[in-house]
Amino acid sequence: MITLFHAPQSRSSRIIWLLEELGLPYEIRPVSIFRPMTGEGQPDMANPHPDKRVPAIVHDGVLLAESVAIVLYLLDTFPQAGLAPAPVDPRRGDYLTWIGWYATELEQALFAGLSGDLAGSPQKQRAHEAVVARLRAALDQGPYVMGDQFTGADLLIGSALAFGRPAFPADGAIDAYIERCRSRPAAVRAAALDDQSGLQLSYEQA
Ligand SMILES: N[C@@H](CCC(=O)N[C@@H](CS)C(=O)NCC(=O)O)C(=O)O
């Protein structure tokens, strides 16, 4: 059994999406978190995340915190979903590069764009432009960042872009990519579950 420690409308929402993509049984444990944007919420002592953040999962006694670690772990542990090239697959390098890019480049550019930090920093501006250029180049080949195959990299990148869309310039290809990702049946199911996730729920999937 996989247990997801989750707070609605947060970075753990995309882990519900991931679990729906995998089609495995899982349980959602709602936890409260501190929400800096509103100043509401308290860290939850029932949350095993070392910083009392979300997401965290426990699978067979193994704790994982950090979205990237959870995506890599679950897609390698359950390869039948076909959402990650195997370590021996030549596409593995591209996959890991996109995941590293998401964590180190896209996240920073997104928060710099949202906070209005760009204007005063040529260095941040340059990094932000590089992120948009790399994404656009990939989407010109599309439909996903690695071409035809939707992978865990798209789940991370697509969910981050959906959250932080105003951080980036108007662009039809980026909008279409976000829509392509979030209209996947697993993403639609996850959005509905996220809305109800104030309740403790468990899902037995086929
Ligand atoms: N790099 C982490 C970020 C996790 C994170 O910041 N989560 C937020 C919710 S979106 C949180 O739990 N905040 C509570 C806090 O900062 O105490 C990841 O992607 O897993």
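How do the residues of the shell around the ligand divide into nonpolar, polar and charged? In this predicted model, local features need pLDDT of at least 70 and side-chain atom pairs count only at pLDDT 80 or more, whereas totals for chains, interfaces and linings use all residues. Residues are numbered from 1 along each chain as its sequence is written.

The ligand is surrounded by Ser10, Arg11, Ile33, Phe34, Pro43, Lys52, Arg53, Val54, Pro55, Glu66 and Ser67, a residue being near a molecule if its C-beta atom, placed from the backbone, lies within 6 Å of it. This shell divides into five nonpolar, two polar and four charged residues, where Ala, Val, Leu, Ile, Met, Phe, Trp, Tyr, Cys and Pro count as nonpolar, Asp, Glu, Lys and Arg as charged, and the others, Gly among them, as polar.

The chain contains seven helices and five strands, taken as DSSP runs (H or I, at least four residues, for helices; E, at least two, for strands) and numbered from the N terminus. Helix H4 (residues 122-141) has 20 residues and reaches 29 Å from its first C-alpha to its last, close to the 28 Å expected from 1.5 Å times one less than its number of residues.
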